[in-house]
Every structure is written in C-alpha cells, then in structure tokens.
Amino acid sequence: MTVLTGARLVTPAGVLDGGWLRLAGGRITELGGGPVASSENVVSLDGGWLVPGFIDVHVHGGGGHDFTASAEEMAAGIEFHRRHGTTRTLVSLMAGALDAMCEQLGWLVALAAADDRIAGAHLEGPFLAESRCGAQNAAHLQLPDRQMLAKLLDAGQSLVRTMTVAPELPGALGLISDLAEAGVVAAVGHTDASYEQAQAGFAAGARLATHLYNAMPPIRHRAPGAAIAALESAAFLELVNDGVHMHPAMIRHAAGYRMDRLLLITDAMSATGVGDGSYSLGGLPVTVVDGQARAAETGSLAGSTLTMDGAFRRAVREVGLPIEAAVAAASGNPARLLGLGDRCGALAAGLAADLVHLDDELAVRRVMIDGRWR
Ligand SMILES: [Zn+2]
C-alpha cells in the first residue's frame, strides 16, 4: 500500500490542494484532503498536479511509428504516447483495402490480448464522403456496405469500438443503426452532410462526432451543417486541440453546449514527437512543416503532431477551460464513451491507478499504469 501526497489532485469533485491518494493492488483505494496517517508508506510528489491517465480515442501513430505499417510499429506508437500520459488507447485505422484493414485489425487483436490498455479500434473509414476525405486515400472509400462491415467487425473480434461514417451516403443510416445494435459507437465525420442529414445520423444512433469542425462543412448561418447538428445532439465531440485544426474560441463554443461531452484527441500521425520531414499516413505521402502535417498532394491537414499532454495543457492554458473540465475531456469523458467509466477515467476510489504527474507548467513528470510508475 502506498500513499501519494504533495501534489494537487484533480478529482471530479474539484481540486484537492494538499490532498492524498492511497493505492493498493493497482487501484486507487481512497483519497482525501486531510492529514495522512504516519505509519503508511507515504511518497511525496513534491508539487505539481496529479490527474488520471489520458484516454486517446483517435490516434494513428507517433514517435516515427505508423499503426498501419506492422504490428511492431503499432505497439511502438502506442508506447510512444504512453510517455505522454496516454494510459488507454483506441487505435485509429484509415480507409484501406478490405484485406489490409482486416490484417491491421488482426495485429490489434493480438496486441490487445496481451495488453488491456489497448482499448480497441476506431475505424476511420471506408464509408466516408470523398469531398471531405482529407488525407484519406479516396481510392479506398466505399459506399456503406453491410457485408464489408460484417467482415471488418469479424476481423476486429469485438474490439472495433467506434466507426466514422458519413451519414449522407446511401445506406449510411441503416449501417449506423447496425453499428449501434452491434455495440459499436457510430461517429459522424468526414462528411458533407447538411444539418438535417447529420441530425438523421444522430437520430439513427450515432453517438460521436469525429474531429468536430474538421472534415465537415464550415458553419454558415443559412447552412449550419454537421457541426451544429453535432453540438445540438447528445453526441460526444472530438476536438483536435493543437492550435492548427481550430481556433481556441471554437473549443469554448463547443464547451458552451456540452462541457461533459468534449473529448480531447490527438489524431496524431507517425511524425509526432519526431520532427519535420516527409512521412506517410495510410499509404499517402505527408509533409510535416513546423509541426503541421499536410497531405503532400492536396495540402489538406493530415492528422496532427499532438500528444495528449499537449492537448491537455493547451486546453487549460490557451483555451481557458477549468482544469477539472480539461481532465474530464482527456480522461473521464472518453472513459464514458467507451463504457469504461467504472474502471478508469478519474481520481476516484475503486478505479485503476492510472495517473499522470504533471509539473506546475503541466508538463509530464511521470506516468503510472496499474499502480506502477513507468
Ligand atoms: Zn484520424
């Protein structure tokens, strides 16, 4: 049994300044704000902040590793993000040939069997709008197809947890209700949907908006589009908070609708943490300049070079969210999206001892998974 003290604890009920947190068996057993009994194994963190481990539900790679390259690269990319505080990962796979996507799902199934911190897969395609495909390879986009979906879900062996679909495509609404029935979260994204078409997608069962504002029509006063439909729905809202994908005011705008539905994601690609240069994303060439990843051919944003600690820090310091709301967006809300709220996502008794210790500037000092510092 260990008691951590000496840092500010960000709990769902607020910040415990001078609080303590007791760990045993890889779990948080108790926490509080009063003095700690002296007989215990007390470890002082010497300042900073203690927050729950981050949960990234949309990420493609990092540290030079692309999840679609091989099982080894997938594992190495996940490990890279753990150093930045991501203690649970939903691996995003892009539109590809059906065989290739199934093979990548096979790697994921094998990795997740040995590592329960891999929460599953997000399929970002292939049922997307060509006009909003961003850096995805348009040659691999498909119209909604139930047989193809069945093959993908089969290859994922119940680890496909979310799937991005453009709701305006023929057959999309039926596919969204199929996903909901199969226990997979349908996400509206990479879409040219009108406000009404997007509303139909949410009514059919979609519970998530894939990188809100990006890869969907801009908000116009006579054509509010998928973004406003998403904001008005009960769906969770992914945000790529890197200062490039959107203005911080747009995050405050989303927070004004549903603070408890915001999800900080990275959408990170392999160049994350490596530097500028030439890379590939889903098989297409991508150029990274000043940390901005863009498809070499079209100039579209091609994912980000963000890490979860960076997204969190920006949410507090640049966007101005209360730190409790930023913690919820990086941990508690994605845990609820994935149905893991009873296992992780907050500093609370009974939940996994997945912790990030941040310094006063909100930079990562150490990451704990299952009660062990890494
Ligand atoms: Zn993505």
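This is a predicted model: local features need pLDDT of at least 70, side-chain atom pairs count only at pLDDT 80 or more; totals for chains, interfaces and linings use all residues.
Biologist: How many bridges join strand β21 to strand β22, and do the two run parallel or antiparallel?

Modeller: Strands count as paired if at least two bridges are found between them. Here β21, residues 355–358, and β22, residues 364–369, are joined by four bridges and run antiparallel. Within that pairing, Val-356 has Val-367 of β22 as its bridge partner.

Biologist: What lies between β21 and β22?

Modeller: The hairpin has five residues between these strands, and among its features is Leu-362, with a positive phi near 70 degrees.

Biologist: Which residue stands opposite Ile-369, and in which strand?

Modeller: Arg-372, in β23, stands opposite Ile-369. Strand β23 covers residues 372–373 and pairs with β22 in the antiparallel sense, over two bridges. The hairpin of β22 and β23 has two residues between the strands, and Asp-370 takes a positive phi near 55 degrees there.

Biologist: Why is His-357 classed as buried?

Modeller: The class rests on relative accessible area, and buried means under 20%. His-357 is buried because its relative accessible area is 3%. His-357 has its place in strand β21.

Biologist: Which backbone oxygen does the side chain of His-357 reach?

Modeller: A polar contact needs a pair of N or O atoms within 3.5 Å. The side chain of His-357 reaches the backbone oxygen of Gly-47 at 2.7 Å.

Biologist: Which residues is His-357 in contact with, leaving aside its neighbours within four places in sequence?

Modeller: They include Ala-7, Leu-45, Gly-47, Gly-48, Trp-49 and Leu-50. Also among them are Ala-363, Val-364, Arg-365, Arg-366 and Trp-373.

Note on methods
Residues are numbered from 1 along each chain as its sequence is written. Side-chain values use heavy atoms; hydrogens and water are left out. Buried means under 20% relative accessible area, exposed over 50%, partly exposed in between (1.4 Å probe, protein chains only). A polar contact is a pair of N or O atoms within 3.5 Å; within protein, one must be able to donate a hydrogen and the other to accept it, and residues adjacent in sequence count only if both atoms are side-chain atoms. Contact means heavy atoms within 4.5 Å.
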